Amino acid sequence: MISIENVQKSFKNNEVLKDISIQIEDGEIYGIIGQSGAGKSTLLRCINGLESYDQGSITVDGNLINIRDKKSLRLQQKKMGMIFQSFNLLERLDVYQNVALPMKFWGIPANTPQAKEKILKLIRLVGLEEKMHQKPRELSGGQKQRVAIARALVLDPEILLCDEATSALDPEITKGILALLQKINKEMGITIVVVTHQMEVVKQICQRVAFLNHGKVLAVGKPEQLFVWPKEKEIRDFLREESDKLPSSGVNLKLFFFGEGNQRPIVTQMSQELQTDFNICWARLEDFREDVYGSLVLNMQEKDLERACAFLDSRNVTWEVISK
Amino acid sequence: MSGILSGAGMTSVVMKAFNQTLYMVFWSTLFSVVLGFIPAIILTLTAPDGLKPNKIVYEILSFIVNVFRSFPFIILLVILIPFTRMIVGKSIGTTASIVPLTVSAIPYIARVFETSLRETNPGVIEAARSFGASNFQILMRVYVKESIPRMLNGVVLLVISLIGYSAMAGTVGGGGIGDIAIRYGYQQYKTDYLIVCSVILIAFVQLIQMLGNHMYKKMS
């Protein structure tokens with residue numbers, strides 16, 4: 001378990017992390033999200049001691065991460081693999097040698113049959129057995145990130161830290177990488193912490209997320225809870241919620257669908273029952289992992305509002321009047 | 001008759017000089033690469049973006065490197081005469097000229113290696129740190145390993161400029177191709193010597209450059 005308590009950090013006079021407290025459980029895929037500059041990468045780098053923090057505490061399985069205690073930090077770092085946005089492979093080493101590199105830092109001979117078997121297994125896991133002896137410059141972005149993932153797993157970590165790991169990749173390739181991360185989480189039981197500003201990543205793999213804004217944790221929870229009905233303006237901005245192009249006459253009513261919501265013909269039923277017309281002016285349905293979640297904005301006349309709300313309540317649909 | 005004699009004489013003179021050039025350039029390159037590597041490592045470590053940033057050490061060392069680099073070689077040659085005598089026991093001759101050649105090349109190689117090392121992708125260094133690599137491991141397995149082709153390019157440049165400098169070493173009795181070109185070709189108006197020496201130097205530089213390019217491609 002990663003336990004972050006009241007962590008504070010400043011770069012000179014700029015406070016980048018303010019009183020951050022987060023608990024990350026074993027075996028989960030946890031997202032740290034927010035706009036760029038929110039402090040999420042800094043927080044991730046504090047977890048494995050690439051960066052120090054000024055106040056508070058970070059513990060991994062009960063062991064304090066302290067950048068000044070080099071010996072114990074090193075042992076902690078062994079338990080945490082890390083991948084990066086720019087892949088960070090050694091240009092002069094081929095795929096196999098890149099994967100083997102962390103072993104060399106730990107004095108583990110990489111030429112024993114067991115070590116070779118392990119490296120090969122990881123290269124197979126990420127699907128690069130045919131590229132084994134190619135250099136990074138001969139690989140595509142997605143392939144490079146796959147090498148980096150294999151490298152991050154070679155010391156048998158319990159945790160995998162991903163710093164904007166898919167931000168430099170196109171959507172199709174991102175999907176593949178995310179599927180791989182999910183597989184690693186499921187099959188190897190590795191806890192994964194992803195830092196990202198991409199909603200796709202959150203939706204596809206994160207089981208829980210912390211939303212960071214200007215160095216503060218604004219909200220923590222399941223992504224579907226956080227993003228289907230966000231109350232915080234910052235999260236709405238992040239999601240680029242409705243707002244600017246809604247009709248200015250009448251009232252705008254927003255309906256929320258959690259999981260099963262899209263199975264029922266709510267809008268047409270309401271229209272028939274109330275014997276009036278609605279203008280559907282904004283909608284979004286999204287897959288969060290397995291389920292579909294979403295929201296819908298209806299524009300209606302002021303006089304229909306009360307009846308509409310009563311109808312929605314009777315069907316257990318969550319709603320909200322959008323204030324102008 | 002005299003033409004044939006002159007030809008036979010020229011071959012042996014030029015061959016001897018070429019060997020001297022090779023000898024001076026080889027040893028001064030070897031010594032300066034070994035000795036220049038040390039300040040290059042210190043500069044890389046203590047640079048603002050290094051593993052152990054230390055402004056004072058970096059600035060002082062950097063200043064010393066600049067001072068030695070700003071001496072014109074011909075002046076360094078003269079200033080170093082006592083030092084040369086101390087090291088090799090004499091201040092004249094081919095072996096003696098290796099000393100000023102090396103001294104002038106050390107700060108050059110230090111700077112070239114420093115630049116090469118510091119061009120290492122900082123992300124790769126960070127990745128190594130994230131796996132628990134020690135500073136020494138990062139230095140050898142990441143910085144040096146990743147920089148070898150760039151450093152090799154620097155050595156090629158050094159060899160070529162040492163060929164040029166070794167011509168000046170002729171003034172302290174160092175001999176070599178350049179010395180022959182000046183003494184026979186220029187001072188004694190023997191144009192054939194001048195041409196032969198120039199052609200040899202051109203071919204030699206081309207060869208070194210081609211070899212360097214080939215190795216760069218193979219290594220990177």
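A crossing of two helices is right-handed if the near helix is turned clockwise from the far one by less than a right angle, and left-handed if it is turned anticlockwise. The exercises below apply this and related descriptions to a predicted model.

**Exercise 1. Determine how helix 5 and helix 7 of chain B are oriented to each other, and which residues bring them into contact.**

Solution. Two packed helices are described by the angle between their axes and the distance between the axes. For helix 5 (residues 94-118) and helix 7 (residues 135-168) of chain B, the axes come within 9 Å and cross at roughly 150 degrees. Because angles over 145 degrees count as roughly antiparallel, helix 5 of chain B is roughly antiparallel to helix 7 of chain B. The handedness of this crossing of helix 5 and helix 7 of chain B is right-handed. On the side of helix 5 of chain B, the contact residues include B:L101, B:A105, B:Y108, B:V112 and B:L117, and on the side of helix 7 of chain B they include B:Y143, B:R150, B:G154, B:L158 and B:Y165. Sorted by class, the contact of helix 5 with helix 7 of chain B holds twelve nonpolar, five polar and one charged residues.

**Exercise 2. Describe the packing of helix 6 against helix 7 of chain B in the same terms, from the axes to the contact residues.**

Solution. The axes of helix 6 and helix 7 of chain B come within 10 Å, and they cross at roughly 155 degrees. Helix 6 and helix 7 of chain B are therefore roughly antiparallel to each other, and helix 6 of chain B passes helix 7 of chain B in a right-handed crossing. Helix 6 of chain B contributes B:V124, B:I125, B:A128 and B:R129 to the contact, while helix 7 of chain B contributes B:I138, B:V142 and B:E146. The class division for the contact of helix 6 with helix 7 of chain B is five nonpolar, no polar and two charged residues.

**Exercise 3. Work out which helices of chain B supply the side that touches chain A, and what classes of residue are found there.**

Solution. The contact between the chains takes 17 residues from chain B and 17 residues from chain A. On the side of chain B, helix 6 (122-130) and helix 7 each supply at least two residues, and helix 6 of chain B gives the most, with seven residues. That side of chain B divides into six nonpolar, six polar and five charged residues.

**Exercise 4. Locate the two domains of chain A and characterise the side of domain 1 that touches domain 2.**

Solution. The domain assignment of chain A gives domain 1 as 2-229 and domain 2 as 241-322, and the centres of these two domains of chain A, taken over C-alpha atoms, are separated by 39 Å. Six residues of domain 1 of chain A are in contact with eleven residues of domain 2 of chain A. On the side of domain 1, the elements giving two or more residues are helix 7 (199-205) and helix 8 (223-228) of chain A, of which helix 8 of chain A gives the most, with three residues. The residues on this side of domain 1 of chain A divide into three nonpolar, one polar and two charged.

Key
Residues numbered from 1 in each chain as written. Chains lettered and ligands numbered in written order. Predicted model: local features only at pLDDT ≥ 70, side-chain atom pairs only at ≥ 80, totals over all residues. Axes fitted to C-alpha atoms, helices over the stretch in contact; angles between N-to-C directions. Helix = DSSP H or I, 4+ residues; strand = E, 2+ residues; numbered from the N terminus. Parallel < 35°, antiparallel > 145°, perpendicular 65-115°, else oblique. Contact = placed C-beta atoms within 7 Å. Nonpolar A, V, L, I, M, F, W, Y, C, P; charged D, E, K, R; others polar. Domains from an automatic or database assignment.
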